Amino acid sequence: MKKHAIIPIFIPHIGCGHSCVFCNQNIITARSNVPSADDVRNTIETYLPTLEGRGLDTIEVAFFGGSFTGIPMNMQREYLAVAYEYKVAGKIHKIHMSTRPDYINEEILDNLKEFSADTIELGVQSFDDEVLALSKRGHNEEDVYRACNLIKEYGFELGIQLMIGLPGDTKEKAMESARKAAAIKPELARLYPTVVLPDTELAEMYRSGAYTPPSESEAIEITKEMYKILMAADINIMRVGLKSTDLMTNDMDLGKGYHPAFRQLVEGEICREQMEEALSHAVSGSCTFYSNEKWFSPMIGHKGANKKWIAEAYPDITPKYKIDNTLKDGIIFYMPFNSFVVE
Ligand code: SF4
């Protein structure tokens with residue numbers, strides 16, 4: 001498996017003239033200072049020695065945070081010039097940024113090409129116009145297709161970020177967004193359950209009763225279905241859920257929707273679903289479940305949840321868990337033994 005490292009550069013809200021109901025960019029980036037080009041250089045210089053000797057195939061400088069292509073062009077160029085210098089020197093291999101669908105046009109992409117940028121991630125969030133409007137995203141589905149097509153025409157790698165549980169969203173709408181994203185065939189995707197952050201319009205909506213976030217189990221169920229759609233289309237799902245460092249709140253009432261092991265919970269459910277189907281006709285005996293190495297931990301479940309569930313739900317069955325690296329990601333192979341009784 002290829003080893004990849006990211007040097008993250010956080011560019012806060014300055015790039016964005018919008019106010020999405022869920023966004024408190026200062027909290028998400030945990031920074032309010034706008035970095036200078038020297039700060040970008042210092043960040044890269046700080047990371048590079050820590051990445052030496054780790055057998056990495058690629059090192060990527062990634063501009064995250066606000067909307068990179070929405071910041072003034074001269075600032076984009078200053079930041080990009082630093083990253084480009086390291087790319088030309090062979091010290092990094094890729095340049096990556098996140099932005100909004102409506103901040104993509106020919107001039108912007110020509111500029112990114114000039115600095116040899118590689119990957120553009122779009123905060124699409126949903127393909128449903130009602131969800132986008134209720135979330136005050138300021139763009140619609142048509143903008144998404146226009147931006148994705150243009151990014152692909154220019155030959156950039158495309159990333160699509162989708163959110164789960166925005167105002168007006170439903171399981172079916174979320175799955176339809178995943179289907180539409182998969183049909184575009186981006187190189188990578190991220191799935192984020194909506195987190196109610198303090199100092200956001202969404203927090204006010206939540207307190208007034210105008211918005212109810214999905215429960216944790218609902219968010220896992222919806223994300224699981226979206227994950228399966230993207231996985232079936234061979235799309236690299238780079239992240240599922242926010243990182244703990246993304247969430248800077250001590251307000252226990254807020255921060256709802258955040259679970260530190262959200263990805264493990266979702267992947268564990270994907271495995272459990274297959275194990276449940278396999279065991280649905282079992283009566284007693286032993287059996288073996290196989291997954292590849294990467295999916296062994298999800299097969300066992302977060303904190304052993306799947307193992308515990310089988311022990312409780314199927315006390316007459318003795319399962320073993322083994323690795324078979326010929327299996328694809330997310331696939332559980334089930335082998336009943338001779339003593340196994342199948343209806
Ligand atoms: S576009 Fe991004 S940075 Fe701007 S308000 Fe929305 S989520 Fe925040």
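What share of the 343 residues of the chain count as buried? The answer is 40%, where buried means that 20 or more other C-beta atoms, placed from the backbone, lie within 10 Å of the residue's own. This is a predicted model: local features need pLDDT of at least 70, side-chain atom pairs count only at pLDDT 80 or more, and totals for chains, interfaces and linings use all residues. Residues are numbered from 1 along each chain as its sequence is written.

**Elements**
- The chain has 12 helices and 10 strands.
- Both are DSSP runs numbered from the N terminus: helices (H or I) have at least four residues, strands (E) at least two.

**The sheet**
- An open sheet of 7 strands has the order E1-E2-E3-E4-E5-E6-E7, with parallel pairing; to pair, two strands need at least two DSSP bridges between them.
- Its edge strands are E1 (4-11) and E7 (236-240), and each pairs on one side only.
- Strand E2 (residues 58-65) and strand E3 (residues 94-99) run parallel and are joined by 4 bridges.

**Two helices together**
- Helix H7 (residues 171-184) packs with helix H9 (residues 216-232) at an angle of about 20°, with axes 9 Å apart.
- Axes are lines fitted to C-alpha atoms, for helices over the stretch in contact; angles run from 0 to 180 degrees between N-to-C directions.
- H7 and H9 are therefore roughly parallel to each other, a label for angles under 35 degrees.
- Residues in contact have C-beta atoms, placed from the backbone, within 7 Å.
- Among the residues that meet are Ala-174 and Met-175 in H7 and Ile-222 and Leu-230 in H9.

Conventions
A residue is buried if 20 or more other C-beta atoms lie within 10 Å of its own, exposed if 12 or fewer, and partly exposed in between; C-beta atoms are placed from the backbone. Angles under 35 degrees count as roughly parallel, over 145 as roughly antiparallel, 65 to 115 as roughly perpendicular and the rest as oblique. Two residues are in contact if their C-beta atoms, placed from the backbone, lie within 7 Å.
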